[in-house]
Structures are given as structure tokens and as C-alpha cells.
Amino acid sequence: MTPAPRRRTVLAAAVAVTAAAAGCSVPEPRRAAPTADPAPGKPVARAGERRALLMQFSAHPDDDLYFMNPDTQRLLDSGVPLVSVYVTAGEHTGRNRIAGMPPAPPHRAAYSAARHQGLRQAYAAALELPLFTPWRREALPLPGGPLAEVDTLTHGTRRVELVFLNLPMHTTRRYMAVPALWHDRALELRTHLSAGSPVTRAGGYDYDRLVGVLAGLLRRHRPTVVHTLDPDPDLQHSDEATRQRDSEQPGYADHGDHTAVASFTWAALSRWVTEAVRDGDPIPAFTATAFRGYYNRHWPKNLPPRLLAEKAARLVPYGGDPSWNCGNPSGCGDYGVGGDRPLTNRKGWVRSTHHRWPGARPVLAAEPGGRLCAYGVLGLRAVRWREEGPVGTRGASVPAGGWGEPEDLGGGPLAPALGSAVLDDGRVLLFGVRFAALDGHGGSNRREVVLLEQRSPGGPFLAWRGLGNPEHGDDDRGRRIGAPVAVAAPDGRVHLFVRDASQGVSTRVRASDGSWGPWRALPGDAEVQDGLAVSLDAAGRVHLYAAGRESVRHWVDGRERTERSPLSGSTVASAGGELFHRPPAAGALLGPAGDAGLDGFGDVVAATSAAFGTVLLGTAEDGRVRVRAGGRLRTRTEGPPAVSAALHLDARGVTVVGLGPNGHPWSWRP
């Protein structure tokens, strides 16, 4: 994060084209940050009480287009309404640069307004409407006094709402404003006024007010899917010239505004849940996905050509053109982003889409009697759904009511992805990453790996247990850990793996008697991406795969293999000790025999059984779930879309369990 001043002043940011004067302020008493609440048994909002809605939070106009697509577009295409919140005004230097033209005088109010117009053009195109379709624009009063601009556009049953909070990007001393606000509770920022906005008076934000406004927007809209930027970006030590050229904060692989806004967003999510529990309300039922930002520049690209073209095409109307007659006197987009520039930009941000915690799919396990349980993270807490009704037949989705309501298992606030292992006696172990502390203005910001162990097969669980962090008390490094993966070996041991702050892999092993050994780093010094894949071969050996910068790295029983491995864009999966991966910028999935016949994008799940051999689950480029089994490819063509999906093999056949955008599971047995 960008270093911030520690001072007892109120800084006024640029309003229109001039800076307002600074004044004095006495900060209100610090409001305690929400704390971890691992106790289970809270009520969870029922499926019938919620409608699917996507809410995403960005630092700048264009963050969503660069980093959250194609996920956002897929949900829009399925009819899920969108509320997109932009924390800063995006005014930057006030220069809307036009290629081949001399720089114009800076005009922050106009540049902010032009970027907002670009977003309206981009989302009109996303709804398949003419670029200059009029939007309804209005001012929304927010708790504590500030106003937000809200722009709304509908097309049939599809709807997009853009919410502009308009905090400044810089203080009058040129510090990055939102990172400074995260660090300094005595700081107050005055909002920026964009030209032509229905908001005509500036408001003030301190730390608590921004968290409270974001939590209030969450309560107002009650989303079931939340997209955020990355609160815990990778360490990245570049020389100063490279860092400035790449627009990254010192020491980390992302823009400082991205990290600060993501941190404020996750603090608001935690407050929303905490206050619901405090007030006796059901826990809000939402899934959350954080997206990597400038990380995309540093790793092999992962978008296949069709999706890359689609993603870049959404940035073209955002960039706009000075010759357009859009009806906005301040400008028709962010001109430096228009045309072919997203694809020719050397930073390559548009060429990848990475989840901060990959593998956030349901965890499936069979109960005594054969019915399935699904585990996941809902409302930042672990939950369990149980299969209900008839077991189901092949070739159809289980009808509505096939899954019960979620049972709260506590543990929160948790990152989105759970790892799991099933012991020989059928008991389930769940592993997560907990936000053990998430507090700005000098407070703690800490992550820990946690365990939930089932007491008996199909039964209740023991209390949550902390497993520490491979970074051994260094909270800043500890924030960089990845999503846990685990496997139970035939000898009774459980092997747990996480990507660590050095971008290697650390492991901890549970002995057959239930005791845990210490964290240790796996051998090798090559760096890897998150999204680890683990499986057992026929001899019971543990195979771990991770996508690196130059090749896929491979460990067997903790020892690194030195054979030449392919390069992957990010996706790796494993079954029976074998590797499945997608090459960079490609949709084809490759396996030990070559093309595995499952083209697409995103996570892949692999499993093996004597009856079916290797079965593969993935997502087509159009977002539909697909299964490759027995030499045949089957595509799910009906029912709700999937935010994520998992695979289970048993005597009934192949079962796919997906989590819909309303936060409720569905089943498909091809």
C-alpha cells in the first residue's frame, strides 16, 4: 500500500477544477472492526426469500471491464441484474488524452464525467442496446450525508445500475487518497463533483463512513453474488522506474487504489454480516469473488481468443472517441482506452481474468445412505446443504427443492474457497482461509488457515481450529496465502497445501492419529500461481501440480519432479496422478494423451472411478457447464446458470452440483 501521512487534518480534494482548502477536524471515536465469529448455528436467508443479483465494487471506472469480465457479462447474459459501485471519481490528472493530439488543459470534472459516460456506453452495449441510449440519472442520499450518483438502464428484464461515490483519487498533497483513508482514521476526504452530474454538492468521507456507506449499499440491494478487487495482492519488488511505469504500489503487484477499495469492501461485507447476526436477522446469503488486478501483467495469459476479443470489445465503447456525438459535453469516453489500445497495451491487463482464491466451488461428500452433502461459503461463513427428495435419474436436473436450505457451520469471515479431505471412516475435513482481522487505520490485518473436522460421518462438527499460517506471524506476508487444497492418503495422513507469500507452496501434514506437523515449504524455487491441483495415483502417492511462469511444477510425495512440463495459462487439474491443463491464451484442455476434448475457460475438475475412468468437468466459453465422460461430451443446456460447479462419482453415476447465482445448489446427472 502507498505510505500515507499520519496527521490530524481534514484534507479537501479537487472539486471541479480547483482544490478546496484544508480544515481541522476532531475524529469521532474509533468504531471497532467486526471480529471473527466462528460459532455455528445462525439462521441463513432462505432461497425463496432472495432473488439473484450481482453487485460489484471497483476503485475506478474501467476496473470491472478490465478485471471482472467475462464473469460479469456471463451473469448479465443469463438475466441477473447488476449493481456496479465505483468508489473514486476516476478524475486522475484531469487529462483525457487523444492519440496524435497535443495534451489538453487538465479538467478533472470533465474527465471524470467522460469516464462515467464511457461506462454508460459500455453497459448499454452489454445489454445489446445502442451506445447512446439515455439512462435515468439521479442523486441518492447516503448515510451520514454524502450523495451518490445512480444511473439506471433496463432492457426487458435485464437491468444495470451504476453507483458513483466520487471520492478523489489524490489528496491535495498528491497522496493516493483512498489508501491514505484506509490507513489514517483522522483523515477526511471531500468528494469530487463530476461535470453534469445530478449530484451538485460535495460530501465528506472518513474511514468509518466509507465502510458504513458500502455496508448500507449492500443492505439496500442484498446481492447474492459479490465481485470485488484483490484485498491481498502478491508481493512484487520492482525497481522504481518499472514500478511507476506499471502503475503499481511499492512492493505489491497492483494499484494502491485497488487494494484499498477491496479492503474497504471486505470490511463492509464483514460488517453487513456481523450486524445481521447482532440484530437477529438471517445471515445474508451471498457468494463473493475477488479478482486479481495488475497481477495479470506478470503471469502467462489465460483468456482464449474468442473471450479475449469479447472482453476487449467491452472496453471499446468505454474508451469512446472524440468524434462521437454522445450528448455529453464533457466527452464520450476515456479516449486513451478506445480502439485497439486494450489489445496493444504492453501491460496486457485485458488478456487474463484471475480469481484471487480459485477453486471456490461446492465441496461434495456422500453421507451414510448415499445422499450428497454440499459444503461452501455463503455470507462469508461455511454452510452445508443436504440433498433432498428423490435421488434423481440420469439426464435431468434435480427439480426445485432437490437441496435443502443452508445450515450455518460458522467459521467466518472466510475467503470464498474451501479445501477438503474425506477420511477413511467417511468423516469430512474442511479447510479455509479466515480473515482473522481486517482493520485499517493501524489495526490488525491478518489471515489464518482454519480447519473444521466432522465428529461423525454425516453428523455434526467439532469446533473450528486454527492451523496458523506458513508465514509464521508475519501478518503482511501472511495475507498473500492462497486457497487451501488437501487430500487423504491411504496411510491415514492428510496432506494440506497452500500457495505462500514467496509464490511457492507450503504444506502441513495431519498424522493418522489426528496430530498436525509444522508448516514447511516444498522444495524448489520457481514461482507458481494459485489454483493448486492434488490427487492420488494407483499406488497411493500424492501428486501436486501448480502452474508456474515457465512450466507446470509437479511434486510427488513432497519431492519435486524434474521432468520437462508444459506451460499453462493458469488452469490445472489432476486425477489419478495425471495432469490436465490449458496452454496460455488457449481454450483447449490437454491431458496425458493430448487434447482432452473439453474446450472452454476457467476452473476444471477431474475425477476417476473404475466405472467411468477419468471424468472432466469444465465451463464452455459461453458459460455453460460441460462434462467429458466415457468418450462423450455433454453440455447442460437448461436450468439456472452456475457461479461454480463440482463433480461427484458414485454408483448412481456422474453428478454435477452447481451453485446458482441465487446462492442455492442445483444438481445435474448427465
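Predicted model: local features only at pLDDT ≥ 70, side-chain atom pairs only at ≥ 80, totals over all residues.
Which backbone nitrogen does the side chain of Asn69 reach?

**Stop 1: Asn69**

Asn69 sits in the loop between helix 1 and helix 2 (71-77). Its side chain reaches the backbone nitrogen of Gln73, at 3.0 Å. The relative accessible area of Asn69 is 5%, so this residue counts as buried, the cut-off being under 20%. Now show what surrounds the residue. With neighbours within four places in sequence left aside, Asn69 is in contact with Asp64, Lys311, Arg314 and Thr353.

**Stop 2: the second largest pocket**

In total, 24 residues line the pocket. To centre the view, select Asp62, His92, Tyr111, Asp334 and Trp349, which lie nearest the pocket's centre. The space in this pocket comes to about 640 Å³.

**Stop 3: Tyr123 and the nonpolar cores**

Select Tyr123, Leu165 and Phe431 together. Of the 117 residues in the largest nonpolar core, these three touch the most other members. Colour helix 7 (residues 256-278) as well: with 10 residues, helix 7 gives the most to this core. For a contrast, a second, separate core of 15 residues can be found through Tyr375, Leu414, Phe461 and Trp464, which are among its members.

Return to Tyr123 and display its contacts. Leaving aside neighbours within four places in sequence, Tyr123 is in contact with residues including Asp64, Leu65, Leu76, Tyr86, Trp135 and Leu162. Asp64 is also a contact of Asn69, from the opening stop.

**Stop 4: helix 5**

Select residues 207-221, which form helix 5. From first C-alpha to last, the 15 residues of helix 5 reach 22 Å, close to the 21 Å expected at 1.5 Å a residue. Begin at the start of the helix, where a side-chain oxygen of Asp206 comes to within 3.4 Å of the backbone nitrogen of Asp208.

Is helix 5 largely enclosed or largely open? Of its 15 residues, 11 are buried, so helix 5 is largely enclosed by the rest of the structure. The buried set includes Tyr207 and His221 as well as Leu210, Val211, Gly212 and Val213. Leu214, Ala215, Gly216, Leu217 and Leu218 are buried too. End the tour on Arg222, which follows helix 5 and has a positive phi, near 50 degrees.

Notes: Residues numbered from 1 in each chain as written. Heavy atoms only, no water. Helix = DSSP H or I, 4+ residues; strand = E, 2+ residues; numbered from the N terminus. Expected span 1.5 Å × (residues − 1). Buried < 20%, exposed > 50% of the residue type's maximum accessible area, 1.4 Å probe, protein only. Polar contact = N/O pair within 3.5 Å; in protein donor to acceptor, adjacent residues only side chain to side chain. Core = buried A, V, L, I, M, F, W, Y, C linked by side-chain atoms within 4.5 Å. Contact = heavy atoms within 4.5 Å. 1 Å grid on protein atoms, 1.4 Å probe; cavity = no way out; pocket = protein on both sides within 12 Å on 5 of 7 lines; lining within 4 Å. Points joined across faces, edges and corners; volume = space filled by probe spheres on them.
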